[in-house]
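Hi,

Here is the structure I promised to pass on.

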Amino acid sequence: MTANIKRIGSARAIDRRGAANAGVRVVVLAVALLVPLYAGSSFDLQLAELVVIYGILAVTARFMMIDAGLLAFSQIGFFAIGSYAALISVQDTGSLWPGFAVAVVGSALLALIVALLSLRLRGFFFAIFTLAFTSLVGLTANQLSFAGGSNGVQIEVPTMAPFGSLGSYDSIYWATVVVAAVVLVILERLGHGPIGLVLRASRDNEAFARGIGLAPLRQRTAAFIYCSVAASIAGVMFGLYFEFISPDSVSLEQVLLVLVMALVGGSGYFWAPFIGAAVFEVVPSLVSVSQSVIWLVAGALMALLVLVAPGGVVGLLVGGYHRLRGVSDGRPQPSEGPVVSAMDEVTRLAGPRLPAPGSAVIGGNGRSLRAEDIKVSYGGVNALSGVSFEVRGGGEFIGLVGANGSGKTTMVNVLSGFVPATSGRVLLGDTDLRRLPPERRAARGLVRTFQDGAAFRTLDIPECLDTVTVAQSRWALLVRRLRRDRRVDNVPASAISGGARQLLMIAMALARKPDFVILDEPTTALGAEESRRVIALLRQAKASGISAIIIEHHFDVVTELCDRVCVLDHGQLLAEGTPAEVAKNPSVIEAFLGTMGAVYDVGIGVGQRSPDIKLSADTQRSPDSRLTTDGQPKVAP
Amino acid sequence: MLVFWQQLVNGLVTGADYILLALGLSLVFGVLRVVNFAHGEYFMLGGLAGYVATGPLGLPYPVAVLIAIAVGALAGMVTDIAFVRPLRGKSEEAVFISTFGLSFVILYGVDLATGDSERSVNGAASGSLHLGAIIIENQQLVTVGMVVVAVGLVVALLRGSRIGTQIRAVAQDSYAAELVGIKVGRVFSVTFAIGGALGALAGVAISPLTSVNPFTGQTELITAFVIVVAGGMASMAGTAAVALCLGVAEAMVNTYLPSGDGSYTDYVFLVLVLLLRPNGLFSRSRGALGGATSVAAGG
């Protein structure tokens, strides 16, 4: 089965990406080390120094943008803070270290403040706020007299500590290379570890990440602080080498420059921004055009990169190489692998992580999940008007059914913490969950999956399951590298079938070992075989004492899995009982069938996108309620 | 006290102009859910069109205003078709990046074509009105009049026209709008054209009172962001209130603080808003877009 998965094209693409990235890293280090040997003039070394400094800025900017999903315009602001701190410190105290300390600690604090203010909001707030931050740094530098006002700071560095007589351009260059290598290699390691995993998972699907208990805010804040401090240190090295900084260095043009460098090399490659840095430092020094032309080209290139060549230079090289070798371009080709193999893979890898049947730990600890008089209104429209029900811990399955628009999804959004209730309480045992965000509810044993099962697009199956481990233990995995299963290729979740993805999502939620799991349409849009596997997994969960709330349109699935059914209609609880009772309930039938005398089957919620419960008219007469699930209303008996 | 009243008047005029500037940005956000980093450049293009029309071409100011509107609408439409539409369905960051790149293309294209210098624009009216000791320039009245007319026209367009209804429908739910047969792509382009026209109008309306150079767009972009964020994304009343406050605050800071830099008020506003009301000061109020205000899921 593993062999089948190996055929999926994107696996090769990711392997190639790893190889290309390793190649870029070797080239970057080699060039950085060789340049001083061959530098014909101080001008050459100066260029190399600039490439390394802007490389730090661009690599960290790319990391934030691509891996963490944070578009930060603040790198130049922190860069300037570092330069100013270093130069003012050398000027006023004769020593670099006070300034270095200010650069690191001050930048970390400022980054923390920016993160606290803007990171918990939606993406554009962060982008706008970081852009404003950079402008504010420039504006402030212009005003401060000890920072030289609009003239900036200009001093002689070579006599300065800590380098003393070693304070030559050569030694500063070497120091810069070492600093860059240390800072960036650590970042690359972090990116491969649990922090990177959480960042990528929550970038791919933030809601589901929070649903299983990942709290990306913490990791994003950490990544932002780290990258900001790195930019500040790059600024320190710039100040030492060029002995000058002024408010003019803090411009939107510089912001643009860093972002173009970050993208030009190839957005998917950690070290590729050095290619961008080299291009934008070396080329302008070789051609004689006005600065305006350079900015014009940089702006155009920036837009073009996003629009037509997201792979950048390395992407084009890798693509070209493989075209020459006659290999396919390796884009994800979901149809290549048989459906079942990916599902087997999920089952095999998730198996050991799932709670064992009848395990003593699980069982809800005697708790139940209660919704008390939940009301939700969106601007005058009542999505839910006073719904109460209870799910007992220890393996009770509740089916939540109703036509589209009846309030099912709103209900589970309230339960899992994605939508605040206008009034009413959600209680887990004795704990009122009202103020807890989804990830904290997950930590207390209430997790959820989503209907459009995208899982984590770019993570492979083992990585997806690893995110659960990260969600469970905060510290253990910080040191230990995540366990890699070398037997499987890196098939991203986006390349496996919809059924396998849904199975994977549910397996992840269950691997969290929750007391309660909320499942939003687990079998919608799945084939018969896929549904069977999902149902089997849910049976296993039930046997191990996990309780569930299932939104489900297929009534046979509800009958098969659920102990009780809650029927929602127009935001109210219409009926509650065993599946058989509910199917017979006159008010349910009346609400869904309209007239009692219907002689043919009518789909509940006719014309909706997904097949709804089909109650056949003979339910009134026959106790063994026949329910059709084929989604096709039978027009005549 | 006289200085205060005089600065209040000047600040209100600037603030009124900011309404136009921010309205364009907020309209585009409300309908497309896209933050346009090139919006400041429409302002610059508008002012520049005003200069070219009234200066070298010798046309009267009202004609210059029409030209500026046309230039802004065209720029907005090009932004949508070439820089935003190809990225639909990709991450919102992709649009930030492409429009951020575009803003430099416009800025340095203009810089290379015309050079970096301050230029003045001849307005429609000279002379001034004296209210006691307070001087109100006639051009200030013209500027405010243009703002009032333009805002009125936009509201009328959104509320009372076929395309306006379509725009509001797309703002509420573009998927549903597409299902009922609205050509969503066309609505997006029209919205961008209106947004661009409003930005350019803001530029040409204030240009006789200030001056025009290729770099004004960068500061105006941040001002527009602050107003839109503080006013509650896509809330028209909030946008207007914050714009007026910001205009007055800038004038006061420039006047009363030693070596005061009015741009500081932008950032103070931004920080205060993010601290106090992260969804915008007026996030409860629903603007002309019928509550396009987005609510972030979760806590």
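Predicted model: local features only at pLDDT ≥ 70, side-chain atom pairs only at ≥ 80, totals over all residues.

**The sheet in chain A**

Strand β3 (residues 368–378) of chain A pairs with β6 (residues 423–428) of chain A in the antiparallel sense, over 5 bridges.

Put together, 4 strands of chain A make an open sheet in the order β4-β3-β6-β7, with antiparallel pairing. At the edges are β4 (381–392) and β7 of chain A, each of which pairs on one side only. A helix packs on this sheet as well: α16 (residues 408–416) of chain A touches β3, β4 and β6 of chain A. The direction of α16(A) makes about 120 degrees with that of β3(A).

**A helix pair in chain B**

Over in chain B, have a look at α6 (residues 162–172) and α8 (residues 184–206), which pack with their axes 10 Å apart and at an angle of about 105 degrees. Since angles of 65 to 115 degrees count as roughly perpendicular, that angle makes α6(B) roughly perpendicular to α8(B). On the α6(B) side, the contact is made by B:Ile163, B:Gln166, B:Ile167 and B:Val170. α8(B) contributes B:Val184, B:Val187, B:Val190 and B:Thr191. By class, the contact of these two helices has 6 nonpolar residues, 2 polar ones and no charged ones.

**Where the chains meet**

Finally, the interface: 38 residues of chain A are in contact with 39 residues of chain B. Which helices of chain A each supply at least two residues to the side that touches chain B? They are α5 (97–118), α6 (123–143), α11 (252–264) and α13 (291–308). α6(A) gives the most, with 12 residues. As for the make-up of the side of chain A that touches chain B, its residues divide into 28 nonpolar, 8 polar and 2 charged.

Over to you!

Key
Residues numbered from 1 in each chain as written. Chains lettered and ligands numbered in written order. Contact = placed C-beta atoms within 7 Å. Nonpolar A, V, L, I, M, F, W, Y, C, P; charged D, E, K, R; others polar. Pairing = 2+ DSSP bridges. Axes fitted to C-alpha atoms, helices over the stretch in contact; angles between N-to-C directions. Parallel < 35°, antiparallel > 145°, perpendicular 65-115°, else oblique.
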